[in-house]
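The following note sets out points for a colleague who has the sequence and the model to hand. Please read each point alongside the structure.

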Amino acid sequence: MAAIRAAIIGASGYSGEELIRLLIRHPAVDLKIITSRKEAGKKISAIFPRFADSPLCFTAPDVAEIAKTCDVAFLALPHGLAAEYAIPLIESGLKVIDISADFRIRSTEKYKEYYTVDHPSPELLKKAVYGLPERYREQIRKADLIACPGCYPTSIILPTAPLLAAGLVSTENIIVSSDSGVSGAGRKVDLAYIFPECNESVRAYGVVRHRHLPEIEQELAAAAGVDSLAMNFIPHLVPTNRGIFSTIILRPTAKFSAEAIAAAYEKAYGNERFVRVLEPGKLPDTKHVTLTNSCEIGYVYDDHTGNLIVCSVIDNLTKGASGQAVQDMNIRFGLEETLGLL
């Protein structure tokens, strides 16, 4: 099989850098184009010195050139910009894998409510497949447009969806507290994210109506087989470069038992390479997943409150973004799913 020719549009951010790291060493990929309006004309080593052995240079995004040269395009762009490239690239026959939020939320009304603008392409939104392989693998195999899940949603949906699907926990009173490294805010100069502001400090933000909330609620409702649900999601910024730790508090139903929890997770992830469920009572640690495409899950039942406490960890730039995008590409092009990710 000939190498898959790839382009990264918006390659100068953290997710773009992570995509470069993964694709440049991927045995079945030829990374042909990396774009950045800001860095156009510069060698890759001028922006990311660790890739000094690569001859790649940043270019301005040229849809016609990408369509002529590549088989797949990864969009690592701010929300609202993806459709500008996705539409002509799909029309040209390319597969598009979008890391932004533009095609994750199925409801155009919810998109406008949380992003304060009309969705740029409602028709294309209907064709997008949510790119969480552990839940939508068969749909991903045939998709022309794959919407990669957000980092927080990945860390919450993976541990929670199997329990909701099995009816072991209630759809009501779900509470999630998540901690994210600073790279989750993107590669930008902003007072809130410079070292003296973040170091030795932990702070909550977006505790009401965070932009990832409708995506999380959408996917958990689908797992539970209900039209909708409402939950509390409280994200925090912590002074690490990368990683997410999510703590999920769930109310057990009458179906709940230790054996049922173990069985639900075994059914969902027993054969999954990138999800590890720990033995009961053992909790995960972000250092075990840094620079990997893995999600690690642990849980404990609190007999004092009657709640189930589930914890999960991912690397926000890998399983939470670029690694998952590569996993989606592998599935879509019929490759071994772990290729380039181990």
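Is tyrosine 301 buried, partly exposed or exposed?

1. The model is predicted. With a relative accessible area of 42%, tyrosine 301 is partly exposed, because the buried class ends under 20% and the exposed class begins over 50%.

2. Aromatic pairs. Eight aromatic pairs are found in a search of the whole structure. One of them joins phenylalanine 256 to tyrosine 301 in a tilted arrangement, with 5.3 Å from centre to centre and 35 degrees between the planes. Phenylalanine 256 belongs to the loop between strand S11 (244-250) and helix H11 (258-269), whereas tyrosine 301 belongs to strand S13 (residues 295-302), so this pair ties together parts that are 45 residues apart in sequence.

3. A pair within a helix. Tyrosine 265 and tyrosine 269 form a stacked aromatic pair, their centres 6.4 Å apart and their planes at 25 degrees. The two residues are four places apart in helix H11, so about one helical turn separates tyrosine 265 from tyrosine 269. Tyrosine 265 and tyrosine 269 are both buried. Elsewhere, Phe48, Phe51 and Phe58 are linked into a cluster by ring pairs.

4. Helix H1. Of the 10 residues of H1, eight are buried, so the helix is largely enclosed by the rest of the structure. The buried residues are Gly16, Glu17, Glu18, Leu19, Ile20, Arg21, Leu22 and Leu23. Their cover includes strand S1 (4-9), strand S2 (29-35), helix H2 (44-47), strand S4 (72-75) and H12.

5. Nonpolar cores. The largest nonpolar core has 78 residues, of which Ile20, Leu23, Ile34, Phe74, Leu163, Met231 and Val310 touch the most other members. H8 makes the largest contribution to this core, with eight residues. There is also a second, separate core of 21 residues, with Ile9, Ile33, Ala82 and Ala147 among its members. When residues up to four places away in sequence are not counted, leucine 23 touches Ala6, Ile8, Val29, Leu31, Phe74, Val326 and Met329.

6. The largest pocket. This pocket holds about 1,300 Å³ of space. Its lining consists of 46 residues, and Leu77, Pro78, Gly184, Ala185 and Gly186 lie nearest the centre. Helix H1 (14-23), helix H8 (151-165) and helix H12 (318-332) are the elements that give two or more residues to the lining. H1 supplies the largest share, three residues. Sorted by class, the lining has 20 nonpolar, 20 polar and six charged residues.

7. Proline 88. Where does proline 88 lie? Proline 88 is located in helix H4 (residues 82-91). Its relative accessibility is 24%, so proline 88 counts as partly exposed. The C-alpha atoms of proline 88 and alanine 67 are 8.4 Å apart, and 21 residues separate the two along the chain. Apart from neighbours within four places in sequence, proline 88 is in contact with Val63 and Ala83.

Note on methods. Residues numbered from 1 in each chain as written. Predicted model: local features only at pLDDT ≥ 70, side-chain atom pairs only at ≥ 80, totals over all residues. Heavy atoms only, no water. 1 Å grid on protein atoms, 1.4 Å probe; cavity = no way out; pocket = protein on both sides within 12 Å on 5 of 7 lines; lining within 4 Å. Points joined across faces, edges and corners; volume = space filled by probe spheres on them. Nonpolar A, V, L, I, M, F, W, Y, C, P; charged D, E, K, R; others polar. Core = buried A, V, L, I, M, F, W, Y, C linked by side-chain atoms within 4.5 Å. Buried < 20%, exposed > 50% of the residue type's maximum accessible area, 1.4 Å probe, protein only. Contact = heavy atoms within 4.5 Å. Phe/Tyr/Trp six-rings, centres within 6.5 Å; stacked < 30°, edge-to-face > 60°.
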